[in-house]
Structure formats: structure tokens, C-alpha cells
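This report concerns a predicted model. Please consult the sequence and the coordinates alongside the text.

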Amino acid sequence: MRLYRLGMIPWQETQAIYHALAEAGQEALVLCRPASRYVCLGFHDDVQQEVDLSYCEENAIPLIRRETGGGMVLLDKDQLFFQLILHKDNPLLAGRRDAFFQKFLAPAVATLCDFGLAATIQQPADIVVNGRKISGNGAGDINGYAVYIGNILMDFDRQTMAKVLQTQSEAFRAYAKQSMAGYMTTMNEELGYLIPAEQVEEKLLVHFRQWLPSLVATKYSPQLRGAVEKVAERLMSAETLSLPGKKIRARQIKIKEGVYVRLHRYFDGYNSGSAIILIQDGIIRHFESINMGNVQQYDVLPLAPYINGIPWCDVSIREALQRWRAAHFDGLPNVDCELLLKWIIEGII
Amino acid sequence: MSEYVIPQELYYTQDHAWIRVEGDTIRIGMTDFMQKLAGEVTFIRIPRANKTLATGATLCSIQSGKWAGKVKVPMNGTVVEGNTELTTNPKILNDDCYGVGWICVMKPDDLTAGLAELMHGEAADRFFTEEHAKHSKPE
């Protein structure tokens, strides 16, 4: 199997390289980093829903769409990429698609452990240190090849990540940023200093070689670079970027496996407001209503203690709403728990 | 890899699409084998009606977890109808991949020639037996 150790390369090539290799029918492992920051959409992300395009344009942050799964991310030089391209019939791929992440991520986990970090895999496809995500990953089928991609966050610019998100609300943007601080980490934050990327890459390669001993160092030829540039043009084209994507009624941002922040809009014809909700492993960990102080003549602010900590499901939320109504508004006719339930569950009224 | 259903009357491609002949059109979907390999489907980008597609081009793409897969066009033709129900409820592909979870209907340019390139009957059985053996190997 070919090994491409590319170091720092033009940003668009870091995504186009594995598409080009799959399209050329080459199995390979690629290690690389982008020379500059960019936004990368997952194959099924909706660009309008996910990205603040005005901010990206004003700040010269380019966009590209990859043909692998996972969500929209901000990528930059402080992230080390590892990308594995395997023919669909490669015996390494036996079993379910998501199960292969266990094997694919093992070298990155071992690398982080080499630096003293207690890294583990959070299924299906995150690497976490003390419960905080330190690596993002995805996979896809390209031209009959299974492509698995991942990164190690040596450092991460949460400020800019929060700004490239399409959030519809500055309060929601601030909460998304806060959640990223709580649920994500980096090697820099864990160790207290920024390790040179070359050192991390060296360790990573040692662990990949233990798993894939047939790796043969291969030059990034002008022919391959030409193919990569052509693929990059396609992935950056307006046609590719505007492909229809997964639409969600409420704005939802995935922070890590099992952790989502959501913005739920409320409008009943007279009053409007919203709620910010953080869900972790199916439990509502944070509920905050915004501009909902006088909806239908009742105050929803005291609702939060009833909602926080309960499962994110109809039954539990209905029970919490009934407890809240009984405690604060017993006997008042206008409290419409079903409407509030719809708002909290479905995300938009 | 658990057990899977492969209806005998259908035609199949190597990337796990099934094809049912319905007069001069074909209905296309994803096999039970592949939907089980993929896991819970969370999104499908279905082809638009009237789109002309060549064999081997991407017919639709599918998201499950962090994996993005594709189903290729089995034969040259024009899309008659995409299953728009999949857009709002992709899980029906897992629940009933040979029924309500169909992906699209196409009108082939040359149905007879197209079918000749697909697997059917014993050839399909052999293919799926090999696929099953491959994906059932111990980790």
C-alpha cells in the first residue's frame, strides 16, 4: 500500500487527494495538513443551513465539499489529517462500515497515548480525552473504494468555528462556542504546549505501520497533483457546494458523538421567542428560553428546572410540563402544554 | 453480518442495488444486505425526475452515521420518479428496502441490453454468498 507523507500542502489538496487516489484506483494512506484554514462540508450537509456564507466571504475563508460523511468543520494547519483509501474488497473491511472506525482510529489513539493523553474511542467514531472530543472523523464510498478520514486536533480555533456556523441567533452562537469549549479539547490544551506537527505525525506513522506493514513511501508526483487539482475544482464548484442536503426543522449543531445543541423557534401568531437546548446522550442537560417572558400570559422562565436532566422524549417532557403547570399556574386556563411540548420536541412552532 | 433477504425475482448490481422490471421501466432500490452493512440510514439524496443518467454514474447517495455511500446507475436511462418519501423518512429504507423503501423508477434506453449486464438467479446467489463470507470473517 502506498504512503503519501505530504506535510503542509495547499488547503484544497488535503481534501481532493483522497478523492483523486480513489478515483485513480490506488489504495493508500495519506498524512497531511492544510497550509491555511477552510470550511469543509460533509457530503450531505446543506450549505445554506450550516454555513454563515457572509462571514466566510468577508474573512476569505474558502469552502469545499467532501464526498464522505460527518458534519461541517473548520480545518486549519493545527490539525493533522490521516486518510485511508481501501478497495471495497480489501479483507480489512469485513463487517459493518461503522465498525471499521475502531481499527482505523486505533493508531491515532495510540499516538495520543504516547504523549501521555488518556485517549479512547467513543463509538462510533470520535476519539475523546477525559470525555472531550480531540479528533473528528468520517467515511465514504468513492469509486468503489472505502475512504476513511480523520484528524488530530493539535489546536482548534473555536472562535472562528463558532463564527462560520449559520446560527440564526447570536445567543445560540455563543452557546455553541461554550459547548465546544466544554466538550472538545486539543493536544495543546491537554499538554499546555503546542507540539510540532512533525512529532505527532512521526508517532502516528509508527502506529499505522504496525497495523499496515506493507506501506511504501511514495512521491507526490506531478501527475497525481494534476489529478488532485482537477478534483479540487469539482469539490469547490458552485454546483457541488449547492447540492441538496439534510434539512432539520430546528437548527442543530453536533458538538461530539451524542452531544447536540439546538435552537427551537417559537411563534404562536402573537409572541415569538426561542429556546436553546443541549442534549447529551438523550438527556436534556441545558434548557434556556429566550424572549419568552410573556407568552400566553404565563412566564416560561421557571420552566428550566423542570426540563433540565430529563430524557429528551415526549413522555418525559409532557410530565415535566404538567409538574411545572401544577406548581405555577394551577387553575389558569391558558397554559397550553401541548403547544410547548411541540416546541420543545419538534423545534419550531 | 446477520441474515439477509435476497428475492429471487430481482436483478442485482455489484454495488448492491436491486432492480425490478415493471413493463418498460425499472424500479431500483438498495439490497437488504447493504442496508444492514450500512446501519441506520439518516439521509438520502434521491435523483430528480427527468434526469438522464449513464451506467455507473451516481444514482443516489446515502448517509448512515458518519458513512456516506452511493448507489450507481445500473443502466443508461431517464429517471421517471424518485421516492420523495425517503427525503423525510429515510428509515423506511432500513425497514422495508424491497417495498416502500425503493429509491427511484427509471426508463432504460435499452432494457434488454441493460439486464444482460446484471446478476440474476444463481449468479446473484453466488455473489451474495461470497459477500456474506467476506463480511462474516472474524474481526
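**Domains of chain A**

Chain A of this predicted model is divided into domain 1, residues 2-241, and domain 2, residues 258-346. Taken over C-alpha atoms, the centres of domain 1 and domain 2 of chain A are separated by 37 Å. Contact between the two domains of chain A involves eight residues of domain 1 and seven residues of domain 2. On the side of domain 1 of chain A that touches domain 2, five residues are nonpolar, three are polar and none is charged.

**The largest nonpolar core**

The largest nonpolar core comprises 135 residues, and those with the most contacts inside it are V39(A), I85(A), V147(A) and I103(B). Because domain 1 (2-241) and domain 2 (258-346) of chain A both give residues to this core, it lies between them. In soluble globular proteins, nonpolar side chains tend to be buried together. Neighbours within four places in sequence left aside, I103(B) is in contact with I28(B), G29(B), M30(B), I46(B), C60(B), V71(B), N83(B) and L86(B).

**Helix 12 of chain A**

Helix 12 of chain A covers residues 314-328, and its 15 residues, at 1.5 Å a residue, should span 21 Å; the end C-alpha atoms are 21 Å apart, in agreement with that value. The buried residues in helix 12 of chain A are I317(A), A320(A), L321(A) and W324(A). Seen down the axis of helix 12 of chain A, these buried residues fall within an arc of 100°, and they therefore line one face of the helix. They pack against helix 11 (304-307) and helix 13 (337-346) of chain A. Turned away from the buried side of helix 12 of chain A is a face that carries the exposed residues V315(A), E319(A), R323(A) and A326(A).

**Backbone features**

Most residues other than glycine have a negative phi, and most peptide bonds are trans. Q123(A) and P124(A) are joined by a cis peptide bond with omega of about 5°. P124(A) is placed in the loop between strand 7 (119-122) and strand 8 (126-129) of chain A.

Note on methods. Residues are numbered from 1 along each chain as its sequence is written. Chains are lettered from A and ligands numbered from 1 in the order in which they are written. This is a predicted model: local features need pLDDT of at least 70, side-chain atom pairs count only at pLDDT 80 or more; totals for chains, interfaces and linings use all residues. Domain bounds come from an automatic or database domain assignment. Ala, Val, Leu, Ile, Met, Phe, Trp, Tyr, Cys and Pro count as nonpolar, Asp, Glu, Lys and Arg as charged, and the others, Gly among them, as polar. Helices (H or I, at least four residues) and strands (E, at least two) are DSSP runs, numbered from the N terminus. The expected span of a helix is 1.5 Å times one less than its number of residues. A residue is buried if 20 or more other C-beta atoms lie within 10 Å of its own, exposed if 12 or fewer, and partly exposed in between; C-beta atoms are placed from the backbone. The arc is that of the directions from the helix axis to the C-beta atoms. A nonpolar core is a set of buried Ala, Val, Leu, Ile, Met, Phe, Trp, Tyr and Cys residues joined through C-beta atoms within 7 Å.
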